[in-house]
Amino acid sequence: GGGPNTTFVQESGVNELPGNPANGEGAREGDDDYYWAGVYSTVIAGNGDYTPLGLVEANEESAERAFAGVDNDLRYHFNLPESLQPTDRLTVSYDALNLHGGEADSRYGIEVYFNNVQVQSEIVIREAELGQTYTTDPFTLADVNAEVGSGYDNIITLKGVNYNAEGGGNWMGIDYVQLSEAGGGGGETPTLPFSENFDSLELGPWVSDSESGGDGTDWTTTAPSGWVTATGEGHGPTAGGDIVTEFDGWSFVDPVTWNATAGQARDQFTKGSGVIAVADSDEYDDKADAKFNASLSTPAIDISGAAAGSVVLTYDSSWRQEPQSGKVTVSFDGGDSVTLLELTPATPTAYNETVSLNLNNPDGAQTAVISWEKQGHNNWWWAIDNITVAAAEVSTPTLSVVNNGDGTVTVTFEGTLQAAPTVNGPWENVDAPSPLTIPADQAQQYGRAVK
C-alpha cells in the first residue's frame with residue numbers, strides 16, 4: 001500500500017526528474033523519486049525544468065533505501081492539503097539506519113531541501129549517531145515556495161555527502177522520512193515575547209570573574225533583586241591552596257579596594273550547584289595581565305511571527321563596575337553572529353541603564369539566539385539583567401487598487417510596493433513611487449505593500 005508501508009529497496013543508480021511513480025518492490029527496482037498518490041501537473045519554481053507526471057493513482061510501493069557512491073539524492077513527491085496557510089510551519093524528520101562501517105572514519109553527510117530550498121545544512125553522521133531522529137528547524141510554507149492543493153509537485157530532497165575518498169565509507173541507509181506540522185510554538189523553542197529576569201536561572205552557562213582579597217578577609221556577594229547571593233572566606237597570599245564553597249545561584253563579588261600589600265585573590269563563580277574556587281595570590285599574579293571571557297546565550301527564540309526588522313531586544317546592564325568591555329550579538333537561524341552593540345572602557349555608560357536595540361532580523365528568519373560576551377581583566381566586570389525580546393509595533397501599510405475605467409489601473413500604497421505571480425511569491429520590489437498607474441491589460445499579479 002505504499003506510504004507508511006513502503007518497501008525500502010536496494011538503490012538502482014542516478015536518475016533525473018521526474019522519475020517513475022510505479023516501481024516494483026524488488027532489489028534495484030526503485031529510483032530516486034518516491035510518489036504519494038496525487039496529481040502532479042505543475043512544477044514549482046526552483047525545482048527544475050521537467051515534465052510532471054500528472055495523475056498518480058496510488059502511493060508508490062517502493063523507495064530507495066540508501067545513499068550509495070554517486071547516487072546521493074532521495075526525493076519525495078507529494079501534494080499538500082488545501083487547508084494549510086503560507087505561514088503554517090513544517091519540519092522534516094528522518095532516521096539514519098546503518099552505515100558503511102569498518103572504515104578509517106566511517107561517516108556520511110546529509111542535507112535536507114524542500115522545493116530546492118535548504119532547510120537543514122549538512123549533518124555528518126557516524127556510527128554513534130545511528131538510530132537517532134533528526135528534525136529540521138521549523139519553516140513556513142512561504143519559506144520554501146510550497147504550494148497547496150492538487151496539481152503542485154512539492155518535493156523533499158535528502159542529499160547525501162559521500163566521504164569515501166577520505167576514508168568515510170560508501171553508503172548510509174535511511175529508516176524513514178516524515179513531514180510534520182511544527183505548530184505555533186516550534187516545540188521547546190521560546191516564542192515572542194521572550195523574557196528572562198534570571199530569577200529561575202534558565203539561561204547559561206555564565207561565568208563571571210572578579211576580585212576579592214586581603215588576609216583572611218570575609219567577602220560577601222551583593223546582587224540585584226532576584227539574584228542568589230553566596231558568602232565565603234578569602235585568604236591571603238601565604239595561606240596557599242584553595243577553598244571551595246557549594247552554592248546554587250548567580251554570584252558576583254561586590255567591588256573591593258585593591259590591596260597592594262596582600263595581593264589580590266581571584267574568585268571564579270559558575271552557575272548552578274557547584275563550587276567557588278579562591279586561588280592563592282601566586283596564581284593570581286601569574287594571570288594578572290590575562291584577559292578572560294564570559295558569555296551568555298539565550299535559547300533559540302522563535303521570531304517567525306515577527307516582520308523583518310521588527311524585533312527589539314531590551315536588556316538592563318544596571319549592575320556593573322567600570323571600566324568594562326563586551327558586546328551583544330545575534331545569530332539568525334544558526335548562522336554567523338552579527339554584532340549589535342560593542343562596549344569598550346571608553347564607551348560612555350551609566351548605572352541602571354536600560355538599552356533597546358532593533359535586531360533587524362532578515363526576511364524569512366525563524367529563530368534568533370542573543371549572546372553577550374564580557375571581556376576584561378582585574379576587577380572589571382559587566383552584568384546583564386532583565387532581558388526581553390519582543391516584536392516591535394509595526395503599522396500595516398495601506399494598499400488600494402482603483403480601475404479608472406479608461407484602460408488603466410491606479411495602485412496607491414504606503415512603503416514599498418511588491419508584486420508576485422502567485423500569492424506565495426516570489427515577491428519582487430516594484431521600482432515606482434505611489435500612486436502607480438499601469439495598463440489594465442497586463443498579466444494578473446498579486447500585490448502587497450511593505451515597510
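I started at Leu 399 and looked up its bridge partner in β33, which is Phe 413. Worth noting at the outset: I'm working from a predicted model.

Next I checked how β32 and β33 run together. β33 covers residues 408–413, and its pairing with β32 is antiparallel, over five bridges. As a reminder to myself, strands of a sheet pair through backbone hydrogen bonds, parallel or antiparallel.

Then I traced the rest of that sheet. I found an open sheet of three strands in the order β32-β33-β36, paired antiparallel. β32 (399–403) and β36 (436–439) are the edge strands, each pairing on one side only.

I moved on to Ser 93, which sits in strand β8, residues 89–99. Buried or exposed? I put Ser 93 down as buried, because its relative accessibility is 9%, and the cut-off for buried is under 20%. Its side chain makes a polar contact with the side chain of Thr 135, at 2.9 Å. Skipping neighbours within four places in sequence, I listed the contacts of Ser 93 as Thr 133, Tyr 134, Thr 135, Tyr 176, Val 177 and Gln 178.

I get one helix and 37 strands. Of the 451 residues, 43% are buried. Among contacts with a separation of 6 or more, 74% are between residues 24 or more positions apart. The accessible surface comes to about 21700 Å², and carbon and sulfur atoms hold 47% of that.

Key:
Residues are numbered from 1 along each chain as its sequence is written. This is a predicted model: local features need pLDDT of at least 70, side-chain atom pairs count only at pLDDT 80 or more; totals for chains, interfaces and linings use all residues. Side-chain values use heavy atoms; hydrogens and water are left out. Helices (H or I, at least four residues) and strands (E, at least two) are DSSP runs, numbered from the N terminus. Buried means under 20% relative accessible area, exposed over 50%, partly exposed in between (1.4 Å probe, protein chains only). A polar contact is a pair of N or O atoms within 3.5 Å; within protein, one must be able to donate a hydrogen and the other to accept it, and residues adjacent in sequence count only if both atoms are side-chain atoms. Contact means heavy atoms within 4.5 Å. Accessible areas come from the Shrake-Rupley method with a 1.4 Å probe; for residues, only the protein chains shown count as cover. Two strands pair if DSSP finds at least two bridges between them.
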